[in-house]
Amino acid sequence: MMNLDRKNTKAVVIPISNMVLLANMTHKLKFSRISDEQYERLNSENQPIIVLPLKQNFNQVQLKEEDFHRVGVLIQIDGIEKSQKGYEFAIKVLDRVEVKSIEVGEDFVNAEFETASDIIDLTEKSKEEMLEYMKNVTYDISKNFDGAEPIVRKIENQKDLNKLIGYLVQFMPLSNDEKYDLMETQSIKDRGLKFMDYLLKQKEALKLQFEMAEKFTEKANKNYRETVLRQQLKAIQDELNEGKNGSPKGEKDYLKQIEEAGMPEEIKEAALYELEKLESQGQNGSEYNVIRNYLELLIKLPWKKSEATMVNLEEARRILDDQHYGLEKVKDRIIQHLAVMQLKKDKKGSILLLVGPPGTGKTSLGKSIAEALGRKYIRLSLGGVRDEAEIRGHRRTYVGAMPGRIIQSIKKAGENNPVMILDEVDKLMTGYNGDPAAALLEVLDPEQNNTFTDHYLDLPYDLSDVFFIATANSLETIPRPLLDRMEVIQISSYTINEKFHIGKNHLIPAILEEHGLNETQLVVEDEALEKTISEYTLEAGVRGLKKQLATIARVASEKIVSNKVELPFKVTVDQLETLLGRKVSRHDKAQDDNPPGVVTGLAWTSVGGEILFIEATDMPGSGQVILTGQLGDVMKESARISLSLLKSRLPMNTVNFREKDLHIHVPSGSVPKDGPSAGITLFTALASLVTGIKVNSKIAMTGEITLRGAVLPIGGLKEKLLGAQRAGITKVLIPKDNLIDLKDVPEEVRKELTIVAVETVEDVLRETLGISLPKVEHVVNFNISPEGTLNSR
């Protein structure tokens, strides 16, 4: 026998699975095969042996250290018997141990361990009461089984709690993890309580099985097998529902849920009819699941009218201002719409369309509106949708039919008045399965959407309380009938100043939070932020700016974690090239001097305004007009109109055009250019060329011209003036009819620019070349005075 008083830390490991061995137990371990070396080691008197449960790899082939649990038992082998099937070891469990390390060899497993004996935290009286309770529960269970007498007799005189648990656990359907949990628990009290819990669960499970078997045996009849099986399943569901706080899901509960759903009478009648069909169907009926899914949709849809809540316009304005910088015109329009909703309680569905370039906050504006109204927010992305069923759903006759995304979203919201964002409505596509834009006509028509009928639902549903907000980048691809149903709110591109404030007040704090930084670790200087906006982004919105700021934050995070910089790490203008690489955009600047024939114009792009140069020159030739710079048809027509107008206004300066070729070029030849707004710029460039008078390089202009010399209004004035200010322009000529648009231009831009309104080309010549023409159709003979005034003779 091994001397247990000696402190041993190394032992031979015997792997076991699906077994509970506790201190003081005796047991027999069976081995189908064992090598001579293993037999000698296990039979050695002074060799410590521990039994260690397996987590996995129960076939004990190619064992690894991670296959073992870390708590086992130290055993003593009292005898070895050889049989036809292998060896049988009679063992006695000495103590509980905790394994520190495991060594797995080819034919052996060794371990270093420490003794961790059971904690005796029960008094003798408590232990006796626990033993008595376990025995009583076992007696109650044994009454239901024939041949249980030997088990009862064996536990009658058992006084050891571990032995009783180890004996009974072999008859219980516990998982391997549950059995190991009993071995791992060091406290006698906790182990006993866990085992009692398992024992009571086993008792209740057996009791339920016997009750169910007895209940169904009484009604069993071969002629009504299908009916009996259906009732048996129903009874099982009833029992399960009792254990789920009374949340019924069986057919009998649908009636109650229909009554509580607050459905209109027409809908309620349809639901009760479907319930009647469901109850007459068997579980294996062809339509059982179809009807059940349909009933669940009817019940979960919000039919009750949501209570109207007071809209606090001041709070709504505060939310919009906190979450979006600028966009004052858009915010005013939204607040006005909310005010109308407050006054007109029964106002039919509100449908707004926010149109603007990407990244200008259209979707987030919808979220802010939902917050201001205190309503649920739902977003549907319609980009690329080409199937009408995405909007209206599939008819229930199809396999796998589903309701459309409108009804699904209402069901998900759980309210009938959410704020629903229809994102990218301009990117709907027409496919062979119908036109989803046409399906939206009913959804977005206030006169029709109170009886919107989804193909799957096949019943009218009231969408009139839903606040629809559609977003789009362009109006061109939205069908006209759909566009007429929405109230359009234009969102223009952000100015440099607006981007600066958005970046400083919104984006930088958000980026710092996303990257686990704070203002004491990373500081982006204002000059660096301004340069990032102007030279490292080329967009109308701020998504690209957010990406660039995220790049800065990632680089800064690496430097901060590596202790390469002192805190706070300040991002300066000089560091931007190192942090962000080469510049993304280049903006033209006003030249110091423009030669005759070169004039500065203004252009609108989707990412803001720019200046452009119109260059004109002449050469000996045959009267040809050459146009280069990838000009569109409208711009080419403007050039021909300018030439004709020049010949009519300054005929003496153009008499020799038959002997010359004119070449008009607009730089940045790889960029397509079109539109009529360069008309006065083309005219001025030709006039400067033929008169030899330079145009001030700090003057820029925009406007369409006609053959009679009138200057017509143009679009994109705000962006053009912003581009002029950025380029260093000091004076801008605009059409007189565009003066009304100046209220949209930021005040700081208007202060820095001298804005002159022109009505005719005579006004243009006076402001640019200092030439004053009389108001006549043709000038036959004239000369230019020393002061630069054109006088007729």
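Helices here are DSSP runs of H or I with at least four residues, strands are runs of E with at least two, and both are numbered from the N terminus. Aspartate 458 sits in the loop between β10 (452-453) and β11 (460-461). The model is predicted, so local features need pLDDT of at least 70 and side-chain atom pairs count only at pLDDT 80 or more, while totals for chains, interfaces and linings use all residues. Residues are numbered from 1 along each chain as its sequence is written, and side-chain values use heavy atoms, with hydrogens and water left out.

**Backbone exceptions**

Most residues other than glycine have a negative phi, and most peptide bonds are trans. Aspartate 458 is not a glycine, yet has a positive phi of about 60°. The peptide bond from leucine 567 to proline 568 is cis, with omega near -5°. Proline 568 lies in the loop between α20 and β15 (569-571).

**Pocket and cavities**

Some terms come first. On a 1 Å grid over the protein atoms alone, a cavity is a set of points where a 1.4 Å probe fits but cannot get out. A pocket is an open set with protein on both sides within 12 Å along at least five of seven lines. Lining residues have an atom within 4 Å of a point. Grid points are joined across faces, edges and corners, and a volume is the space filled by probe spheres set on the points.

The largest pocket has a volume of about 1300 Å³. Its lining holds 49 residues, and the closest to the centre are Ile491, Ser492, Ser493, Lys718 and Glu719. Several elements each supply at least two lining residues, among them β13 (487-490), α18 (496-514), β16 (598-605) and α24 (717-727). Helix α12 (328-343) is also one of these elements. α12 gives the most, with 6 residues.

Residue classes are used below: Ala, Val, Leu, Ile, Met, Phe, Trp, Tyr, Cys and Pro count as nonpolar, Asp, Glu, Lys and Arg as charged, and the others, Gly among them, as polar. The lining of the largest pocket has 17 nonpolar, 16 polar and 16 charged residues.

The count of cavities of 30 Å³ or more is 5. The second largest cavity has about 50 Å³ of space. Its lining is made by Ile508, Ile511, Leu512, Leu522, Val524, Leu549, Ile552 and Ala553. Two or more of the lining residues come from each of α18, β14 (522-524) and α20 (543-561). The classes are 8 nonpolar, no polar and no charged.

**Helix pairs**

Axes are lines fitted to C-alpha atoms, for helices over the stretch in contact, and angles run from 0 to 180 degrees between N-to-C directions. Contact means heavy atoms within 4.5 Å.

| Pair | Axes | Angle |
|---|---|---|
| α22 (633-649) and α23 (679-691) | within 8 Å | roughly 45° |
| α11 (313-323) and α12 | 10 Å apart | about 150° |

Angles under 35 degrees count as roughly parallel, over 145 as roughly antiparallel, 65 to 115 as roughly perpendicular and the rest as oblique. α22 and α23 are therefore oblique to each other. Their contact includes Met635 and Leu646 of α22, and Phe683 and Val690 of α23. The residues of this contact divide into 10 nonpolar, 3 polar and no charged.

α11 is roughly antiparallel to α12. Among the contact residues are Arg317 and Asp321 of α11, with Glu328 and Lys331 of α12. The contact of α11 with α12 has 7 nonpolar, no polar and 5 charged residues.
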